[in-house]
Amino acid sequence: MESSIKNSIDARKNAIYNSYTNLSQNYKEKVETLFNKINELGESCNNLMDFETKFSTSILNQEYITLFTEIATNNNSTL
């Protein structure tokens, strides 16, 4: 995977882990599962623009937003 794609993916992942350091195991598993899928998309892309374009129109983007919102809403992360 191109390093700029990896950096973009890592920034999204770190946004969750750095904002919510007390994630429950359930949320950690959800995050890892989602980012495994996002990494697969990243592997299939030629460059950062290709990745960002595909990601922005994919269901993965909505899943990311939904998960981030769910975590933020339940920031005690006890689910």
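Predicted model: local features only at pLDDT ≥ 70, side-chain atom pairs only at ≥ 80, totals over all residues.

Reader: What does Phe51 touch, leaving out residues up to four places away in sequence?

Author: Its partners are Ile5, Ser8, Ile9, Arg12, Ile38, Leu41, Gly42 and Cys45.

Reader: Is Leu41 buried or exposed?

Author: Buried means under 20% relative accessible area. Leu41 has 15%, so Leu41 counts as buried. You'll find Leu41 in helix 2 (residues 25-43). Beyond four places in sequence, Leu41 is in contact with Phe51, Lys54, Phe55, Ser58 and Leu60.

Reader: Ser58 and Leu60 again, please. How do they meet at the start of helix 4?

Author: A side-chain oxygen of Ser58 comes to within 3.2 Å of the backbone nitrogen of Leu60 there.

Reader: And which residues of helix 4 are buried?

Author: Leu60, Asn61, Tyr64, Leu67 and Ile71. They sit on the same side of helix 4, because their arc around the axis is only 130 degrees. These buried residues pack against helix 1, helix 2 and helix 3, while Ile59 and Thr73 are exposed on the other side.

Reader: How do I check the length of helix 4?

Author: Take 1.5 Å a residue: the 15 residues should span 21 Å, and the end C-alpha atoms are 21 Å apart, so the two agree.

Note on methods. Residues numbered from 1 in each chain as written. Heavy atoms only, no water. Helix = DSSP H or I, 4+ residues; strand = E, 2+ residues; numbered from the N terminus. Buried < 20%, exposed > 50% of the residue type's maximum accessible area, 1.4 Å probe, protein only. Contact = heavy atoms within 4.5 Å. Expected span 1.5 Å × (residues − 1). Arc of directions from axis to C-beta. Polar contact = N/O pair within 3.5 Å; in protein donor to acceptor, adjacent residues only side chain to side chain.
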